[in-house]
Amino acid sequence: MADVTPLVRDELLPPKPPERRHLISIADLSRDDVERLLTLAETFAKTLDRDVKKLPVLKGRTVVNLFYESSTRTSSSFELAAKRLSADVMSIKAAGSAVDKGESLKDTALTIGCYDPEVIVIRHPEIGAPNLVARFTDAHVVNAGDGKHQHPTQALLDLYTIVDELGHVEGLHVAIVGDVLHSRVARSDVQALLLMGARVTLVGPPPLIPRGIEAMGCEVSYEIDAIRDADVVYVLRMQKERMLAGANYVPSLREYSARWGVTPERLRPGQKVMHPGPMNRGVEIDGVVADAADALIERQVRSGLAVRMAVLYDLLTHGPVGVKVAEIQEVA
Amino acid sequence: MLVRPDRPRDDVVVRGARVLDAAEGVDAVLDVRVDGGVVAQVGEGLDANGHRVVDAAGLVLAPAFVDPHVHLRTPGREDEEDLASGTRAAAAGGFCAILAMPNTEPVVDSAAVLGSLVERARAEAEVPVGFLAAITKDQAGEQLTEMVELAEAGAAGFSDDGMPVESPGLLRRALQYSAAAGPPIALHCEEKALSRGGQMHEGVTSAELGFGGYPSVAESLMVARDLALAAYEERPLHLLHLSARESVDELRRAQAAGVAATGEVTPHHLTATDETVRSLDANAKMNPPLRAEDDRQALLEALLDGTIAAIATDHAPHARHEKEVPFEAAPFGVTGLETAFAVLYTRLVQTGALPLETLLERMSAGPARVYGLEAPRIAVGAPANLVLLDLERPWQVAEAGFRSKSANSWLLGETLTGRPVLTVADGRVAFAA
């Protein structure tokens, strides 16, 4: 009895996940990773002005875009990025697919995995969906937004846009204004900006600033005046469903706009304004601000294409390693 | 009341173990002889008398464990667990008795449902089982169950576990009426208006990950209310799976004021924090959620000073397909019967945070006392409820090793030390590695 053998022999233990690289969270990136990706994006950006825009670098590779949420800029930008790199692209939207018939994410992932795609780009309303796809397929997984968690390519394109406009990120002060609580863009941007040496202040109504978020290393202010000191004012989309009567995150849309709307009067000349889109003009951002020369909003969209080309290329060409393999819990 | 399986009792001699029963004042290398399921002799160099002999040199023999909080999923979800698999898992975890929660399909809210479970447990269970009945019909929080009849049919206690009793008026009636029924009331404390949409502990980690927060105050507010009602009605009360410092503070205050309140804590709340959720693994999702390190410390302090009398696994099996989904889509709950002792021994006893004797007491006599059960002990004349523990050899938690039908353990892949190798439950060898 004293001679107790372990119940489970080594060969029965779950296998280690394969060495694959994903882009699921900014938290998985080092500063070197970000700098490499931004440099690569700059290279690709130069190709955007050519007459012939297509590059043969990912010829024969398959990229699947799997979108469980509506999206214009992210899905179109990933699709175009993959096409510009000559990859075969397949775009699947949840609406009209087997998801409508109740297929689980695991089964959808297994099904798509049968085509051996090199990359699966996924947007999903639930946190951790990209990790699940990574667990059940052999593809490199790119997170195009998972619930309120992360939207890493948005953060990278925001960094790219800032560098492109202001030359650097280090030392800048960026104010992120609005509904931080429900924003994956805010979470990704805070991490990315801090990683690159910026100072970040979150500004908004107290119920929409998550308790404890200062631990990420940013500052918090409930006063809109706090944006005055910023080099860049990043305006978050105010989701109108959060404003419905009874939700009580803010008493009313009117009070929100009056207190926290980004208007010309609240900005200094030269302050850059960004927004991840889609905008609610007149709610979180005044139309005059959105259309002003200091607004970088369309530049962000253009950056998105180059950055996503860089991400796909980097993942598929096994460029300098550094994008950490996401910790995936593997179950036998 | 415990339902004892209809099975023959065993004769066995355990030789040369370090016999450890602090309540009986025993801590020495001894032999223990069990005749017909009863401890017949404790001493040195005992005769085998033709009994099965277990060589236990280098092992620890202790009173077996009692788990006051298990979900056996029967009736209704026998694909996840049934009486046989759940009690086999319990035996493998060193438990000689477990208490099953009534949130089944249908809910255990009538003597008919309870009666059928009692019958099946006699035939199918590996270790004695007590069944709690619901406080309210269908656990809907509207109509009291027939508590007196349920008590007569064998209910070990009353609980709407998984759901709070939202109405203070109804809880007050339940406390009053339970005086006629007898068995204690056990409460899941959660103010739904504060926890709604919550996926994990509200704190630094949820802020960063973006998960909806389930704040500590959602628990402690309800704990305070429930204790106030118990104090007013002068009735005993048991608080299930406490997770927050503020809840423990409330319990300690109430006990000091003379309220007959008890509390329990799970192995996961004692050894893990909300940082675990960073894996985004649905097996880190439970209700109440894993909380902050400060909460974990408070739970440990309360376990040490006796404010919390019992360790409870809250063993909650879930089908694989229900957990292989994004975190937010997964149900709350993790299995725990087969890892409870090992994780507590590895992370608390081996690190010096918790004495072994205290751990053994809180896993055995502590929970037994909460529900008025006879405490397992190693003494001549007592029914044999023994667990033989290997405290030396590390083992890796893996799905293939589980007796439970479900494998939604938060410890898969972890290497732990401390493992039951023999369990004698109610005089029967229920598990031998």
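**Close-up views of a predicted two-chain model**

**View 1. Cysteines of the predicted model.** Over all chains the count of disulfides (pairs of cysteine sulfur atoms within 2.5 Å) is zero. Cys114(A) is exposed, with a relative accessible area of 60%, whereas Cys189(B) counts as buried at 5% relative accessibility. Here buried denotes under 20% relative accessible area, exposed over 50%, and partly exposed in between, with a 1.4 Å probe and protein chains only.

**View 2. Extent of the interface between chain A and chain B.** In contact (heavy atoms within 4.5 Å) are 35 residues of chain A and 37 residues of chain B. The buried area, that is, the accessible area (1.4 Å probe) that two parts lose on being put together, summed over both, is about 3,000 Å². Carbon and sulfur atoms give 60% of this area.

**View 3. Salt bridge at the interface.** Two salt bridges are counted between chain A and chain B, each defined by a side-chain nitrogen of Lys or Arg within 4 Å of a carboxyl oxygen of Asp or Glu. One of them joins Arg135(A) to Glu324(B), with the closest N and O atoms 3.4 Å apart.

**View 4. Helices on the side of chain A that touches chain B.** At least two residues of this side are supplied by each of helix 3 (105-113), helix 4 (129-136) and helix 6 (184-195) of chain A. Helix 4 of chain A provides the largest share, five residues. Helices are DSSP runs (H or I, at least four residues), numbered from the N terminus.

**Notes.** Residues are numbered from 1 along each chain as its sequence is written, and chains are lettered from A and ligands numbered from 1 in the order in which they are written. In this predicted model local features need pLDDT of at least 70, side-chain atom pairs count only at pLDDT 80 or more, and totals for chains, interfaces and linings use all residues, while side-chain values use heavy atoms, with hydrogens and water left out.
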